[in-house]
Amino acid sequence: MARAMRIALYQPEIAGNVGAILRLAACFAVPVDIIMPTGFAFSDTRLKRAAMDYGKAADVTRHANFSAFDAVRRAEGRRLLLMSAHASQTLPDVQFHPDDVLMMGSESAGVPIEVRDLADIRVRIPMAPGFRSLNIAVSTGIAVAEALRQTGKFPQ
């Protein structure tokens, strides 16, 4: 059985964003890795409100830190694609693999340099001039949709 693409959230800070991403993940059958710590408690009502009843259907794995997450990813032989407003490679130019891990950095700080440097590919979503970034949940939806489209893995 083929391994599914995954979403990884690096130390997310906003419960509502994570809830929206969990809803997206459940609807598209894409598992989510959450790299701790988070900026909120997992019992947060904002997380539950954004995820609605879809949150329970999301396949979520929490990792104590980046090292724990990265050990699992490497053991599974998965590529790490970091979504970043500062990347030079654009989303339309990336060739996705069906078992890629699409990582989003924290809302306020992204990821540290040492995490950035471990990414196999750093990807930017192109935008109109004068705009620097999208909401993390919106970015996740755009990136996952393009990756699933390319790999023919949209749910039927």
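Me: What makes Phe 154 count as partly exposed?
Reply: In this predicted model, side-chain atom pairs count only at pLDDT 80 or more and local features need pLDDT of at least 70, while totals for chains, interfaces and linings use all residues. Residues are numbered from 1 along each chain as its sequence is written, and side-chain values use heavy atoms, with hydrogens and water left out. Phe 154 has a relative accessible area of 32%. Buried means under 20%, exposed over 50%, and partly exposed in between (1.4 Å probe, protein chains only), so Phe 154 is partly exposed.

Me: And why does Phe 28 count as partly exposed?
Reply: Its relative accessibility is 24%, so Phe 28 falls into that in-between class as well.

Me: How do you know that Phe 28 and Phe 154 form an edge-to-face pair?
Reply: Rings of Phe, Tyr and Trp (its six-membered ring) pair if their centres lie within 6.5 Å; planes under 30 degrees apart count as stacked, over 60 as edge-to-face and the rest as tilted. By this rule there are three aromatic pairs. For Phe 28 and Phe 154 the centres are 5.4 Å apart and the planes make 80 degrees, so the pair is edge-to-face. The partners are 126 residues apart, with Phe 28 in helix 1 and Phe 154 in the segment after helix 5. Helices here are DSSP runs of H or I with at least four residues, strands are runs of E with at least two, and both are numbered from the N terminus.

Me: Why is the pair of Phe 66 and Phe 69 called tilted?
Reply: The ring centres of Phe 66 and Phe 69 are 5.8 Å apart and the planes stand at 50 degrees, so the pair is neither stacked nor edge-to-face, but tilted. Both residues lie in helix 3 (residues 66-75), three residues apart, about one turn of the helix. Phe 66 and Phe 69 are both buried, and together with Tyr 10 they form one aromatic cluster.

Me: What makes strand 4 and strand 6 a pair?
Reply: Two strands pair if DSSP finds at least two bridges between them. Strand 4 and strand 6 have four bridges, in the parallel sense, so they meet that rule. Met 83 stands opposite Met 104 in strand 6.

Me: In what order do the strands form the open sheet?
Reply: Seven strands run 3-2-1-6-4-7-5, with parallel pairing. Strand 3 (60-63) and strand 5 (89-90) are the edge strands, as each pairs on one side only.
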